[in-house]
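Q: Please take a close look at a single part of this model. I would like the strand pairing and the charged side chains described in one connected account.

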Amino acid sequence: EVYLDGEAMFDVAPDKSHPFHVLTPQLEVKVLGTVFNLCAYSDDHTSSTVLESGSVELSYKGRSFLGQSKEMMVPGMLAVYDPLAKTVAQTKVNTKHY
């Protein structure tokens, strides 16, 4: 587990028996062997993740009855979490810009 307040680029080798988690004040990212960027500054309104390769699973406070929502990402996507709306919006991007 890594706790992040800021921005970091991760390159994580796959290891199903030892999953890698990045925790921020707003999101938890479960890493499934990947290269991704995570931007989670405590003074920003939103948190964002850009996935270059592999896959990640986002966990966040959503609108579900149980309160916790999960969403998978595929390469080439930007996911932005808005904690006020409790939603994640994903869009296709050029990952080299991140």
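In which sense do S2 and strand S4 pair, and over how many bridges?

A: The model is predicted, with local features requiring pLDDT of at least 70 and side-chain atom pairs pLDDT 80 or more, while totals for chains, interfaces and linings use all residues. Residues are numbered from 1 along each chain as its sequence is written, and side-chain values use heavy atoms, without hydrogens and water.

Strand S2 (residues 6-12) and strand S4 (residues 27-40) pair in the antiparallel sense over seven bridges; strands are DSSP runs of E, at least two residues, numbered from the N terminus, and pairing requires at least two DSSP bridges. Within this pairing, Asp11 stands opposite Val35 in S4. Asp11 belongs to the uncovered face of S2, with Glu7 and Met9, whereas Gly6, Ala8, Phe10 and Val12 form the covered face. In a regular strand the side chains alternate between the two faces of the sheet.

Glu57 is buried (under 20% relative accessible area, 1.4 Å probe, protein chains only; exposed is over 50%, partly exposed in between). Glu57 has no salt bridge, and Lys70, the nearest side chain of opposite charge, is 4.0 Å away. A salt bridge here requires a side-chain nitrogen of Lys or Arg within 4 Å of a carboxyl oxygen of Asp or Glu; Lys and Arg count as positive, Asp and Glu as negative, with His and the chain ends not counted.

The structure holds one salt bridge, in which Lys96 and Glu52 meet at 3.8 Å, N to O. This pair links distant parts of the chain, 44 residues apart: Lys96 in the segment after strand S8 (87-92), and Glu52 in strand S5. Lys96 counts as exposed because its relative accessibility is 68%, and Glu52 as partly exposed because its value is 32%.

Terms used:
Helix = DSSP H or I, 4+ residues; strand = E, 2+ residues; numbered from the N terminus.
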